[in-house]
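This briefing concerns the architecture of a two-chain model. Please view the sequence and the structure together before reading the points below.

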Amino acid sequence: MRALCWEAPTKVGVHEVPDPKILSSRDAIVRVTSTAICGSDLHLYDGYIPSVFPGDILGHEFMGEVVELGADVTNLAVGDRVVVPFPIACGACRACKRDMWSLCENSNPNAGQAEKVMGHSPCGIFGYSHMLGGYQGGQAEYVRVPFADVGPLKIEDDLTDDQVLFLSDILPTGYMGADLCGIEPGDVVAVWGAGPVGQFAVASAYLLGASKVIAIDRVPERLRMAEEKGGAQTLNYEETSVLEELREITAGRGPDHCIEAVGMEAHSDITPVEVYDKAKQLTKSQTERPQALREAILACANGGTVSIMGVYGGFADKFPIGSVMNRSLTIKTGQCHVHRYMRPLLERIRKGEIDPTYIISHHMSLDEAPRGYDLFKHKQDQCTKVVLQP
Amino acid sequence: MDNPERTTDRLARFLGVASAGLGVPMLWKTDEVAEAAGVDDSRMAPAVIQAVGTRELVHAALLLLGPSRSVWTRVVGDAGDLAVLTRALQNRTGARRSRTQAATLAVLGITAFDLYVATRTLRRQHGKGRPGPLELHASATVNRSPQESYAYWRDFENLPSFMLHLRSVTQDGNGRSRWEANAPIRRKVKWDAEITGDEPGRRISWKSLPGADIDNSGTVHFAPAPDGEGTEVRVHLHYDVPGGRVGRMVAKLWGEEPEQQVRDDLRRFKQVLETGDLVRSDALPQGTDARHQFLQRTAKPNKHHGGGHR
């Protein structure tokens, strides 16, 4: 089969690799019909996530048709159309039973390695480094899906791939970003990053009752999208001081909740702190460049919530813990518990409450994926989201 | 009991501090050092001394922050120093020559000590068979009842399904069992064991019988988790290591990181009980395995496991 493999930092290629095979009786093999490039794939692409090796197949947002099933998967049939959640979860451990699917205690066979860096291990993830399992990713013609009796969501009506594909990651992730805030009517929510997750966080914050949502980015078409499709007020951080503007908009209080949808490669103006972060990141003495997170913390209203949905891999410097502690902020975060949100969100899509298709800017074949990565990384050609059709 | 490994580590750290003690005066009191070594007449001496001083600080950093076998970098450096001093001796006369001789003798002494510590680290690398008990401990919480967890473990023939160092265990029905370990090629490591304690749902203890290739014993405790759901499993393994051949066998069975291996064994026990199978990925098609942690396949289907869908 053809698959997109990581070769070196900022270098990916489509190669012929062996087809996947059932390894366990709870596996399924899915023929991928649509798969997307995620913002978090860019962290892998750029080489900032540890333990990605040349040849590893990337991709964790995918859906397709079941072509083969292990003997113990009885809830699916060959030919079923499924969306696959990016966290791999067994459904039987304590974490899964408590609805914390991205903390599955069994799905990461490299848990020992993850423990050394993080203390304890999170779940395994498709195509997301060896430390998180060493699973083949979904940017391929076929993919092996472990615990197929637990994760895949069957799509039984005539919704298109574009409408449901994002249930695999970014729609639930954006929604969880808002859900974790515990939004109450009248609350003001600010969202850092108007990429796909940020767009869905804006929409979700309104769905959950926010009175005003402010989106922060610098890419004009993304800010326009947040305004026109999401109804957000927008701030371009290159043109204005975000902290001052937010203080002004909220008459001094700051937003009640801040959602960070940026992650470890935040861009910011060339300031001494940015230079410091970049130097430390390049010399591997810090894995993150957490400028958006720092700003979200400083901006947040006293007693408010900072919800971190951007991906971080290791250690951050200059973390304003004093601001968090002295001002009673709550930090909520986590890889999305996709299994928790995908069914209710499918229902909202079906009812027309959310139409996730508006973020798609490009459709491409799998062979064009390397160009897709390049466009998405550099935000060229008004690229907001690339969907690949193998 | 004095632990030879710890002594080696302490000696290496001491050499780290000593390296810093040598390096700092060379960098900041270069002229005084040159005079003491009788080379203050050389125009090149200050540059050479400062280079050596810088190198000493590198040794210090390596020894204080890195593994103790970094002592070998000191031995290599010493050889260089001796070469330079020998050269200096040829051009010196009188009082200067005596001072250079004294400096050379001092460096010879330091070299001897460096070499001693360096060979100690070597002995440790090849000497996993050093005498003393090997005690391993690990724990995990399994989302099954103590009775279920106990029952799976109590059937010793299940042990190889999650304990990687075992090839097979067969039971004879009288509380005795025959264990065979996954020893390196052509060697068979085996022992007979008997159950020495058995409290259903709570504890199992076993011990190898006389005549075992490796004398060992183990205990596993099962306790209800505090919230009443699941079981806290705690395992203790004990190996008598008389040194020599048996020591090397034990070292091969348990590899570089024995504690990690036992933890992984329990992880697999948990996987089998909770999910019914080992959890496999493309990088680890054989499942969790500390020994393959640093030699993993790429995260793509591999030929041996490849199927066909076209």
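The points below treat domains, contacts, helix packing and sheets in turn.

The model is predicted: local features need pLDDT of at least 70, side-chain atom pairs count only at pLDDT 80 or more, and totals for chains, interfaces and linings use all residues. Residues are numbered from 1 along each chain as its sequence is written, while chains are lettered from A and ligands numbered from 1 in the order in which they are written.

**Domains**

- Chain A is assigned domain 1 (2–169 + 336–389) and domain 2 (174–333); such bounds come from an automatic or database domain assignment.
- The centres of domain 1 of chain A and domain 2 of chain A, taken over C-alpha atoms, are separated by 25 Å.
- Chain B is divided into domain 1 (4–126) and domain 2 (134–296).
- In chain B, the C-alpha centres of domain 1 and domain 2 lie 48 Å apart.

**Contact between the domains of chain A**

- Domain 1 of chain A brings 21 residues to the contact, and domain 2 of chain A brings 22 residues; two residues are in contact if their C-beta atoms, placed from the backbone, lie within 7 Å.
- On the side of domain 1 of chain A that touches domain 2 of chain A, the elements giving two or more residues are helix H1 (39–45) and helix H12 (338–351) of chain A. Helices (H or I, at least four residues) and strands (E, at least two) are DSSP runs, numbered from the N terminus.
- H1(A) gives the most to this side, with three residues.
- The residues of this side of domain 1 of chain A comprise eleven nonpolar, six polar and four charged. Ala, Val, Leu, Ile, Met, Phe, Trp, Tyr, Cys and Pro count as nonpolar, Asp, Glu, Lys and Arg as charged, and the others, Gly among them, as polar.

**Contact between chain A and chain B**

- In this contact, 39 residues of chain A meet 35 residues of chain B.
- Strand S1 (2–8), strand S3 (28–37), helix H2 (94–97) and helix H3 (111–118) of chain A each supply at least two residues of the side of chain A that touches chain B.
- H3(A) gives the most to that side, with three residues.
- The side of chain A that touches chain B has 18 nonpolar, 14 polar and seven charged residues.

**Helix packing**

- Helix H5 (residues 170–179) of chain A packs against H12(A) at an angle of about 100°, with the axes 9 Å apart. Axes are lines fitted to C-alpha atoms, for helices over the stretch in contact, and angles run from 0 to 180 degrees between N-to-C directions.
- H5(A) is therefore roughly perpendicular to H12(A) (angles under 35 degrees count as roughly parallel, over 145 as roughly antiparallel, 65 to 115 as roughly perpendicular and the rest as oblique).
- A:Leu171, A:Pro172, A:Tyr175 and A:Met176 in H5(A) meet A:Val338, A:Tyr341, A:Met342 and A:Leu345 in H12(A).
- The contact of H5(A) with H12(A) has eight nonpolar, no polar and no charged residues.
- In chain B, the axes of helix H3 (residues 45–65) and helix H4 (residues 71–90) come within 9 Å and cross at roughly 165°; H3(B) and H4(B) are therefore roughly antiparallel to each other.
- Residues meeting in this pair include B:Val48 and B:Leu62 in H3(B) and B:Val71 and B:Val84 in H4(B).
- By class, the contact of H3(B) with H4(B) has six nonpolar, three polar and three charged residues.

**Sheet of chain A**

- Six strands of chain A form an open sheet in the order S12-S11-S10-S13-S14-S15, with parallel pairing; two strands pair if DSSP finds at least two bridges between them.
- Strand S12 (233–236) and strand S15 (330–333) of chain A are the edge strands, each pairing on one side only.
- Strand S10 (residues 188–192) and strand S13 (residues 257–260) of chain A pair in the parallel sense over four bridges, and A:Ala190 stands opposite A:Cys258 in S13(A).
- Helix H6 (residues 196–207) of chain A lies across S10, strand S11 (212–217) and S13 of chain A, running at about 170° to S11(A).

**Sheet of chain B**

- Seven strands of chain B form an open sheet in the order S1-S7-S6-S5-S4-S3-S2, with antiparallel pairing.
- The edge strands are strand S1 (134–142) and strand S2 (166–171) of chain B.
- Strand S5 (residues 203–208) and strand S6 (residues 216–224) of chain B run antiparallel and are joined by five bridges, with B:Lys207 opposite B:Ser217 in S6(B).
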